[in-house]
Amino acid sequence: MQFSELGLSAELLRAIGEQGYTTPTPVQQQAIPHILAGRDLEALAQTGTGKTAAFVLPILQRLTAVHSGPTSSPLQKVTHTAPRVLVLVPTRELAAQVLESVRVYGAHTGLRSLAVFGGVGINPQIQTLRRGIDILVATPGRLLDHLGQRTVDLSKVQTLVLDEADRMFDMGFIRDIRRIIERLPKQRQNLMFSATFAAEVRELAHTVLKDPAMVEVARRNAPAELVAHTVIKVDQDQKRDLLLHLFAAHGWHQVLVFCRTKHGSDALARKLEQSGVRTAALHGNKSQNARTRALADFKAGKLAALVATDIAARGLDIDSLPRVVNFELPNVPEDYIHRIGRTGRAGASGEALSLVSSDERIQLRDIERLLKREIPASVMPGFEPQHNHSVPRPAAGRPPAQKPAPARLEFTCKTKITNR
Ligand code: AMP
């Protein structure tokens with residue numbers, strides 16, 4: 001299928017062409033017609049599937065189309081300056097990325113857009129809101145600040161998007177979201193995107209969505225495709241040296257390294273930097289400017305490593321990121337899926353390497369259960385663990401589904417995972 005078959009306007013097709021995209025991804029093929037038709041939508045799609053364009057393109061079309069053909073159902077024209085589309089996202093980084101997509105795909109539409117999020121001054125946001133915008137991308141906290149100060153008017157919103165809804169729950173935004181929804185017109189289109197449909201996300205979907213079309217492009221909790229998962233068993237106190245060894249031995253660049261805590265990220269980033277690996281840390285205690293700069297430098301290839309916590313890394317969109325390293329495994333197995341979703345994006349292959357110490361064997365077991373396979377594990381000569389790594393036997397009736405693929409190389413064994 002070609003983009004031109006989706007009934008998108010010439011302005012949008014031009015912008016898509018400028019990005020070099022020819023074929024819509026599965027979530028785009030499935031979601032765009034429903035959104036153009038004005039339906040509510042419940043989409044199970046993780047980052048990396050092209051989900052942002054799946055909602056941004058038809059929204060832009062509906063905002064610009066006046067009466068152009070059978071598939072388009074234009075949003076009402078209003079003389080107002082108040083936004084007609086509200087996109088709620090969990091993090092500042094995701095807000096900035098969605099805004100970038102809105103601007104890239106909407107480059108020839110003349111539509112005005114803004115992202116409001118915390119950590120930066122509120123006044124420039126207020127001034128832009130006053131001048132008038134069509135599409136507002138927002139994190140819940142800062143949007144509530146604007147509502148409290150009456151600097152935003154949500155009474156003209158005709159389409160609401162809840163992006164990464166599962167993450168909004170994880171981050172405790174559900175009450176904020178409900179407060180925001182109360183301020184929206186009852187009559188509106190609702191689109192919800194989530195990487196997983198946990199029970200609470202489903203409940204929100206039931207209360208917010210009306211007769212939604214369902215789109216599912218990944219199995220429940222399915223990992224990104226074509227990611228090679230590997231584990232190196234190592235003692236906790238050897239992890240830093242092992243990581244340095246890997247950087248030196250393989251000349252790694254653009255490695256996203258995950259730590260569990262902000263403190264741990266800072267300490268590891270310092271150690272890497274001191275050892276000559278150009279590194280920045282990305283976590284919630286960093287100023288917005290520092291976060292933006294770190295991300296820009298990393299994307300531009302100026303940094304060999306970006307050490308991040310789960311929340312800070314949520315929604316990062318870095319093209320063709322070759323490798324993700326779990327310096328520590330996450331406590332919540334679903335976070336492993338989010339982490340590895342940073343690599344192997346848009347069809348590219350990637351590697352997810354986890355350095356696992358004996359005290360993390362329960363987390364590893366839970367991740368393997370979620371993946372429904374064991375991850376090939378190896379030991380690096382010179383870094384052999386001294387502590388017992390044996391994984392407790394799984395509880396009766398819940399065995400890991402498959403045997404691991406034989407690991408031919410230390411950490412390049414590919415486990416091809418196909419979910420579609
Ligand atoms: P997302 O899932 O929205 O985070 O998008 C993941 C990546 O895929 C982004 O870098 C997009 O620019 C890219 N992308 C989106 N749509 C397409 C497409 N149809 N063809 C190729 N790449 C795409």
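The dialogue below walks through a few features of one predicted model.

Visitor: What should I know before reading values from this model?

Guide: This is a predicted model, in which local features need pLDDT of at least 70 and side-chain atom pairs count only at pLDDT 80 or more, while totals for chains, interfaces and linings use all residues. Residues are numbered from 1 along each chain as its sequence is written, and side-chain values use heavy atoms, with hydrogens and water left out.

Visitor: How many helices and strands does the chain have, and what percentage of its residues count as buried?

Guide: Helices (H or I, at least four residues) and strands (E, at least two) are DSSP runs, numbered from the N terminus; here the chain has 15 helices and 14 strands. Buried means under 20% relative accessible area, exposed over 50%, and partly exposed in between, with a 1.4 Å probe and protein chains only; of the 420 residues, 56% count as buried.

Visitor: Which residues of H11 are buried, and what do they pack against?

Guide: Gly264, Ser265, Ala267, Leu268, Ala269 and Leu272 are buried in H11. With contact meaning heavy atoms within 4.5 Å, the buried residues of this helix pack against helix H10 (239-250) and strands S9 (255-258), S10 (279-282) and S11 (305-308). Just after H11, Gly276 takes a positive phi of about 95°.

Visitor: Where is Arg150 found, and is this residue buried or exposed?

Guide: Arg150, which has a positive phi of about 55° although it is not a glycine, is found in the loop between helix H6 (140-148) and strand S5 (159-162). Arg150 counts as exposed because its relative accessibility is 74%.

Visitor: Where is Asp211 found?

Guide: Asp211 is found in the loop between helix H9 (199-208) and strand S7 (213-216); Asp211 has a positive phi of about 45° although it is not a glycine, and with a relative accessible area of 62% this residue is exposed.

Visitor: What share of the contacts with a separation of 6 or more comes from residues 24 or more positions apart?

Guide: Residues 24 or more positions apart account for 77% of the contacts in the chain with a separation of 6 or more.
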